Amino acid sequence: GWSGPFTYAFYDTRLIRRTNWLLMDLGEDPYGLRFNYSEHLLFPDEASAKAAASANTSSKKEEEKLKAEGKLYALGQGL
């Protein structure tokens, strides 16, 4: 299959990584010390993947807006 963009991956990955950090910080069992997480959608064929990639389903504009407003936290800053 083919993989393509997932609309909420930008937000979901931050939440998952933040949860992992909080679990470590609180003395609980984290997902792992070398934990890495990403999200993608799987498509049955190349045409479907390309159609989704060219559609306006990316959160890139929202990310740029948050950066411009100073509300996008850098890696390790948390919420």
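The mean positions of the 10 positive and 11 negative charges of the protein lie 7 Å apart, with Lys and Arg counted as positive, Asp and Glu as negative, and His and the chain ends not counted; each charge is placed at NZ of Lys, CZ of Arg, CG of Asp or CD of Glu. The model is predicted, so that local features need pLDDT of at least 70 and side-chain atom pairs pLDDT 80 or more, whereas totals for chains, interfaces and linings use all residues. Residues are numbered from 1 along each chain, and side-chain values use heavy atoms, without hydrogens and water.

The pLDDT (the predictor's confidence in each residue, from 0 to 100) averages 79, and 91% of the residues score at least 70. Three helices and two strands are present, assigned as DSSP runs (H or I, at least four residues; E, at least two), in the order β-α-β-α-α from the N terminus. Mean confidence is lowest in helix α3 (residues 60-68), at 79, and highest in strand β2 (residues 41-43), at 88.

Of the 79 residues, 18% are buried (under 20% relative accessible area, 1.4 Å probe, protein chains only). Helix α1 (residues 9-25) contains Asn20 and also Thr13. Asn20 is classed as buried because its relative accessibility is 7%; Thr13 is likewise buried, at 11%. Beyond residues up to four places away in sequence, Asn20 contacts (heavy atoms within 4.5 Å) Pro30, Tyr31, Gly32 and Phe35. With the corresponding exclusion, Thr13 touches Tyr37, Ser38 and Glu39.

Conventions: Buried means under 20% relative accessible area, exposed over 50%, partly exposed in between (1.4 Å probe, protein chains only).
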